[in-house]
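Keep the viewer open as you read.

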Amino acid sequence: QVQLVESGGGLVQAGGSLRLSCKASGSAFSIISMGWYRQAPGKQRELVATLTSGGSTEYADSVKGRFTISGDNAKNTVYLQMNSLKPEDTAVYYCNADQQLALLYEYWGQGTQVTVSS
């Protein structure tokens, strides 16, 4: 089992910045990717950014150029630096991790609220 704990959410004005952190603990080995998803009220959960163990990244078009995902393997932690925040970025942000054992396992954090005021 892998536990994911997010931190760093909060309330910020439009144009501001926030940095989210997600630390993996427990049996946190063989993790092949970690990432961030978000879900706004009344909407489906959507991918924000992912980072593979090989260093590849993927971003949603809506956040390209504004958000940056990075990781610290030694700390089993992934970060999401969010700049130039917009009201439409308001959502609950969830950390995700994929662990490749004999099967692929997917884990989710509890979510952290990000609210961007106009």
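## The largest pocket

On a 1 Å grid over the protein atoms alone, a pocket is an open set of points with protein on both sides within 12 Å along at least five of seven lines, and lining residues have an atom within 4 Å of a point. Grid points are joined across faces, edges and corners, and a volume is the space filled by probe spheres set on the points. The model is predicted, with local features needing pLDDT of at least 70 and side-chain atom pairs counting only at pLDDT 80 or more, while totals for chains, interfaces and linings use all residues. Residues are numbered from 1 along each chain as its sequence is written, and side-chain values use heavy atoms, leaving out hydrogens and water.

The largest pocket holds about 260 Å³ of space. Its lining has 16 residues, with Ile31, Met34, Thr52, Ser53 and Asn73 lying nearest the centre. Two or more lining residues come from each of β4 (31-39), β5 (46-52), β7 (67-72) and β8 (77-82); strands are DSSP runs (E, at least two residues), numbered from the N terminus. The largest share, 4 residues, is from β4.

## Serine 33 on β4

Strand β4 also contains serine 33. With a relative accessibility of 13%, serine 33 counts as buried (under 20% relative accessible area; exposed is over 50% and partly exposed in between, with a 1.4 Å probe and protein chains only). Leaving aside residues up to four places away in sequence, serine 33 touches Leu51, Thr52, Asn96, Ala97 and Asp98, where contact means heavy atoms within 4.5 Å.

## Rings and a charge

The whole structure has 1 aromatic pair. The ring centres of tyrosine 37 and tryptophan 108 are 5.1 Å apart and the planes are at 70 degrees, so this pair is edge-to-face. Rings of Phe, Tyr and Trp (its six-membered ring) pair if their centres lie within 6.5 Å, and planes over 60 degrees apart count as edge-to-face. Tyrosine 37 is in β4 and tryptophan 108 in β10 (residues 104-108), so the pair links parts of the chain 71 residues apart.

Arginine 45 has its charged end over the ring of tryptophan 108, 4.6 Å from the centre. Arginine 45 also lies over the face of tyrosine 94, at 3.8 Å from the ring centre.

## A positive phi

Most residues other than glycine have a negative phi. Serine 30, in the loop between β3 (18-26) and β4, has a positive phi of about 55 degrees.

Note on methods: 1 Å grid on protein atoms, 1.4 Å probe; cavity = no way out; pocket = protein on both sides within 12 Å on 5 of 7 lines; lining within 4 Å. Phe/Tyr/Trp six-rings, centres within 6.5 Å; stacked < 30°, edge-to-face > 60°. Lys NZ or Arg CZ within 6 Å of the ring centre and 35° of its normal.
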